[in-house]
Amino acid sequence: MTATELDAPALPPSSERTRLRFFAAAFTGILALAAALAAGHLVAGFIGINASPYLAVGNGAIDLTPVELKDFAVRTFGTYDKLVLLSGMAVVMVAAAALAGVLSRRSPVPGTIVIVLFGLLGGFAVSQRPDLTSVALLAPAASLLVGVAVFLLLHRIAPRVWRESGAGEKSGTSRRSFLLGGAGVVVGAGAMGLGGQLISSARDATASREAIGKLVPARTAPAIPADADFAKLGTPPFLTPNANFYRVDTALSVPQLRAEDWTLRLHGMVDREIRYRYEDIRNRPLIERTVTMTCVSNEVGGDYVSTSNFLGVDLADLLAEAGVKPGAEQLYCTSVDGWTSGTPVAAAQDRGRGAMLAIGMNGEPLPLEHGFPARLVTPGLYGYVSATKWVVDIEVTTWAARKAYWLKRGWSQEAPIKTESRIDSHRGFANVKVGKVRVAGVAWAQHTGIEKVEVRVDQGPWRETTLSQQVNLNTWRMWWTEVDIPAGVHQVFCRATDKTGYTQTDMRAGTVPDGATGWHNVTFTAA
Ligand SMILES: Nc1nc2c(c(=O)[nH]1)N[C@H]1C(S)=C(S)[C@@H](COP(=O)(O)O)O[C@H]1N2
Ligand SMILES: [Mo]
């Protein structure tokens, strides 16, 4: 018999002399984390889901991410970059929580300190969100309180071992009560998290969008002719279905803004400030325009380009009603989640260009992901300087006075969409039969128009392709042709010439600061 075993029963069950079992200790941390995040999520359900500390920290991380890394993430993961970020955060948090638990095997103090630090971080992240008021701090506060309470409770009931030897369990803290307590926390956290999600979605924008019903244009866009695309030959369809329209934004969770709650404030260098409500816009004569939008982050050959029938009102009309003062240079546009863009006033006022405040897309109210209730669309300019989704504020101002989100991160102030072309059929590495091979794709030079598209095989001569019917200068144009491919591995290139006579340069440039250049090419292996 060792001295320890002899002494043990005589010792008071003080926490200095006992330690939590290793796995029990790790679980106190993880369960406290789960309860804390779930409590924050529940409270955020009432306030606005972005107050949820987890989402707020994630959103903060997105804003702090260096531009190169963000560019890499968009390239590598596309729209899934946020899912990757959230998953990565979850792994890190669970590991940190387990560690905090293990560090607290003797005393709950270290773990409590970690939880408080986490809580303060969450509170800080929430306080930095431009779309939230100080009421939102209730969510991280709830997280902090519940996290500490659950941690202390579990710490008290977790199974213990005597000192280093691990010779026996302290009486009164059975495994059973810990398991029951833990299960209770899991169920409670699940209910709170789900509750937060349900409450926020009951108040969310989906129901508001569904209640809007049909938006009727006073002037519909001209019907798209059947020969506007060569979809049967491998090009995309002329109009992109809403579900396939490319999506690029910095929002970790889609902003939930109800039409009833939406207002647009137009102010700054204007004669009179105006505030529009959704009904004000909806009840105006709505115009429909077919526009191809493009993202500056689109790599040569990339997919961040789509076409839609946008429905809305002329931005130039709204600006005329407010009366733009001389000297105004940009529309500094802010979304409900605090993202900003700067559109040249001249482009917005140019009626020939047709910039709009849009509320509809292909006959429906804007999908939530594409800016419900209202967004901007400016033909011919990359989206980051012209297409604020969930737009709630337009300040007429100068370039010197305000710097928009991507401008601060090294992208250009002026960003007209570059003339580009892409091979869609075939994509990637294609195995084909020797001889005549059909090649098809798309080209765009918004606000200018596509004049011709040529293809060539390896270093061979450029050959003109057949173009689709032109819909309007602000939309893409499809092309197709047949090329002769000899046996072996060959590169097929395409290049577009726009209506100013400019032909795409073969100089390869990356997307930063104002859009990629270079010829798209696809490898064909013929046998
Ligand atoms: N609020 C908000 N609006 C935004 C963005 C954003 O990050 N937040 N991204 C812009 C960019 S970079 C582009 S290319 C277009 C994309 O619009 P879409 O997602 O509807 O295709 O939206 C623009 N509007
Ligand atoms: Mo973009």
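## Reading a predicted model

Q: How many disulfides does the structure hold?
A: In general, a disulfide is a covalent bond between the sulfur atoms of two cysteines. To count as one here, a pair of cysteine sulfur atoms must lie within 2.5 Å. The structure holds 0 disulfides. Take Cys-494: its nearest cysteine sulfur belongs to Cys-295 and is 19 Å away.

Q: What should I know about the model and its numbering?
A: This is a predicted model, where local features need pLDDT of at least 70 and side-chain atom pairs count only at pLDDT 80 or more, while totals for chains, interfaces and linings use all residues. Residues are numbered from 1 along each chain as its sequence is written, chains are lettered from A and ligands numbered from 1 in the order in which they are written, and side-chain values use heavy atoms, leaving out hydrogens and water.

Q: Are those two cysteines, Cys-295 and Cys-494, buried or exposed?
A: Buried means under 20% relative accessible area, exposed means over 50%, and partly exposed is in between (1.4 Å probe, protein chains only). Cys-295 has 8% relative accessibility, so it counts as buried. Cys-494 counts as buried too, because its value is 0%.

Q: In what order do the strands of the mixed sheet come?
A: Strands of a sheet pair through backbone hydrogen bonds, either parallel or antiparallel. A strand here is a DSSP run (E, at least two residues), numbered from the N terminus, and two strands pair if DSSP finds at least two bridges between them. This open sheet has 5 strands, ordered S14-S21-S20-S16-S17. S14 (430-432) and S17 (463-464) stand at the edges with a single partner strand each, so one side of each has no neighbour in the sheet. Further in, 7 bridges join S16 (residues 450-457) to S20 (residues 488-498), and the two run antiparallel. Look for Val-457, whose bridge partner in S20 is Val-492.

Q: Which residues come nearest to ligand 1?
A: A residue is near a molecule if one of its heavy atoms lies within 4 Å of it. There are 19 residues around ligand 1, and Tyr-246, Thr-250, His-370, Arg-375 and Lys-389 come nearest.

Q: Which backbone atoms lie by an oxygen or nitrogen atom of ligand 1?
A: A polar contact is a pair of N or O atoms within 3.5 Å. A backbone N or O atom of Val-248 is 3.1 Å from a ligand oxygen, and a polar backbone atom of Ala-387 is 2.9 Å from a ligand nitrogen. Taken alone, ligand 1 exposes 530 Å² (Shrake-Rupley method, 1.4 Å probe), and the protein buries 99% of that.

Conventions. Helix = DSSP H or I, 4+ residues; strand = E, 2+ residues; numbered from the N terminus. Polar contact = N/O pair within 3.5 Å; in protein donor to acceptor, adjacent residues only side chain to side chain.
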